[in-house]
Amino acid sequence: MQVDVLLGLQWGDEGKGKIVDVLCPNYEMIARFQGGPNAGHTLEFDGQKYVLNTIPSGIFNKGTLNLIGNGVVIDPITLKRELDTLKKNGFDPVADGKLVIARKAHLILPTHQLLDAASESKMGAGKIGSTLKGIGPTYMDKTGRNGLRVGDTTLPDFMERYQRLVEKHKSILSHYGEIPDFSEREQAFLAAIEFLKTIPHVDSEHLVNQYLRDGKSILAEGAQGTLLDIDFGSYPFVTSSNTTTAGACTGLGVSPAKIGRVIGIFKAYCTRVGGGPFPTELANETGEKLRQLGHEFGATTGRARRTGWIDLPALKYAVMLNGVTELVMTKADVLSGFDTIQVCTHYLQNGEKIDYMPYDIISVPPEPVYETLPGWHENLCHITEPGQIPQTLQDYIAYLERHLGIPIRYLSVGPDRMQTLVLS
Ligand code: GDP
Ligand code: IMO
Ligand code: MG
């Protein structure tokens, strides 16, 4: 058996949660491998909407185990809140034995969040636009070899380790100015640590490989998107983890030789939330129309998402980096009602026409070169069969497949899990 991977090919919010929920009946395990509560994965079914931040999106399927892998950074307060909300809605994955956490996953402390906020406010206009969930500072402590891990919570000297790290954070924070009072949050954190101990802790590398040896199927669920990858994204306007397929290997403890299908997901257009370059951004009425029709407001922070046309050089880059074997296109319904659709096929940079993502997209922003395609007006929300897809949308799909060189296997035409078509 191999581990299949599903991940975002743009700047996040491509609809990963929805599609993992659709695919999870085919899998015995769903595993998050990177990121943390900066993610907001939305699922809709039976008229209910759920937003998951840390918990994998396989949680609503009976037979699926959900693993929060070692590459994830965990805010125990958020995780507890997510589980409390699920419980109110009649789901108790801990009691049902459907959720396990890697011992090696790192903990987000209240002071990591203060550091995130202090760093962002210091940057002023050039800020990243972080979700302020403490992601960057936590990964910094991980690579700086100072971090606290889930497994540490059961050690007798956990509180001493915690205090030592907090003291270090306080000394850094004092350089930024006055340290805000975090006593209330600290209390909530320590209470949530006790709660965290009630969720089974596992060695994800052993669990994942045992599953594979037993012939059980696993889907790794990405967070964020390829263009937010710490190495290959629009640095420094990125997140602090590897959001690409390689991240699934280090974030779960699985060999690259064991990676199977790589399912790349993208919107029929493009969005970005936070700062940083966005070559095809539409800072105009059309962009506003996309935002309103697509309800493009962040699932985690509620911020308005920036919107624009689809960007083929960026998508090709993402397909290459991830070794994508098949595609999912979401939000095709949002494009209904546009007479024409623009597709960015190339960029112009320094007077040169290029069809790849150049090193510097910040100081010399690449200018998008568009091809105009006919749009469609049919309402797609109720279609259930590929045969009902309007011809112009079929042409759009064929056009994208031709340019990206891989098939679009699933088409999403609405937020509900039922609004998903299998194309091939
Ligand atoms: P994720 O972070 O990749 O899981 O995506 P988000 O949940 O942050 O954002 C995707 C948003 O689009 C959510 O509100 C979904 O309910 C919604 N969504 C997903 N697929 C579709 C679709 O095909 N059509 C429409 N209209 N909405 C969708
Ligand atoms: P999902 O999994 C969209 C963006 C932030 C910011 C940058 C760095 O729902 O697709 P961070 O909090 O990581 O320090 O923020 O990355 N960002 C996301 N944008 N979807 C996400 O997750 C994101 N997670 C982080 O807006 O620009
Ligand atoms: Mg999201």
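Biologist: At what angle do helix α3 (residues 110-123) and helix α4 (residues 135-143) pack, and how far apart are their axes?

Modeller: The angle is about 115 degrees, and the axes of α3 and α4 are 7 Å apart. Axes are lines fitted to C-alpha atoms, for helices over the stretch in contact, and angles run from 0 to 180 degrees between N-to-C directions. This is a predicted model, in which local features need pLDDT of at least 70 and side-chain atom pairs pLDDT 80 or more, while totals for chains, interfaces and linings use all residues. Residues are numbered from 1 along each chain as its sequence is written, chains are lettered from A and ligands numbered from 1 in the order in which they are written, and side-chain values use heavy atoms, with hydrogens and water left out.

Biologist: What makes a stretch a helix or a strand?

Modeller: Both are DSSP runs numbered from the N terminus: H or I over at least four residues for helices, E over at least two for strands.

Biologist: Which residues of α3 and α4 meet?

Modeller: From α3 come H112, L115 and D116, and from α4 come I135, P137, T138 and D141, where contact means heavy atoms within 4.5 Å. The residues of this contact divide into 3 nonpolar, 2 polar and 2 charged (nonpolar: Ala, Val, Leu, Ile, Met, Phe, Trp, Tyr, Cys and Pro; charged: Asp, Glu, Lys and Arg; polar: the others, Gly among them).

Biologist: What makes F45 and F60 an aromatic pair, and of which kind?

Modeller: Rings of Phe, Tyr and Trp (its six-membered ring) pair if their centres lie within 6.5 Å; planes under 30 degrees apart count as stacked, over 60 as edge-to-face and the rest as tilted. F45 and F60 are 5.0 Å centre to centre with 65 degrees between the planes, so they are a pair and edge-to-face. F45 is in strand β3 (residues 41-45) and F60 in the loop between β4 (48-52) and β5 (65-68), 15 residues apart.

Biologist: How do you know the kind of pair that F60 and F91 form?

Modeller: At 4.8 Å centre to centre and 85 degrees between the planes, F60 and F91 are also edge-to-face. F91 lies in the loop between α2 (76-88) and β7 (99-102), so the pair with F60 ties together parts that are 31 residues apart in sequence. F45, Y50, F60 and F91 form one aromatic cluster.

Biologist: Is F91 buried, partly exposed or exposed?

Modeller: Buried means under 20% relative accessible area, exposed over 50%, partly exposed in between (1.4 Å probe, protein chains only). F91 has 27% and is therefore partly exposed. F45, at 7%, is buried, and F60, at 12%, is buried.

Biologist: What makes K216 a charge over the ring of Y211?

Modeller: NZ of Lys or CZ of Arg must be within 6 Å of the ring centre and within 35 degrees of the ring normal. The charged end of K216 sits over the ring of Y211, 4.5 Å from its centre. K80 lies over the face of F195 at 5.5 Å from the ring centre.
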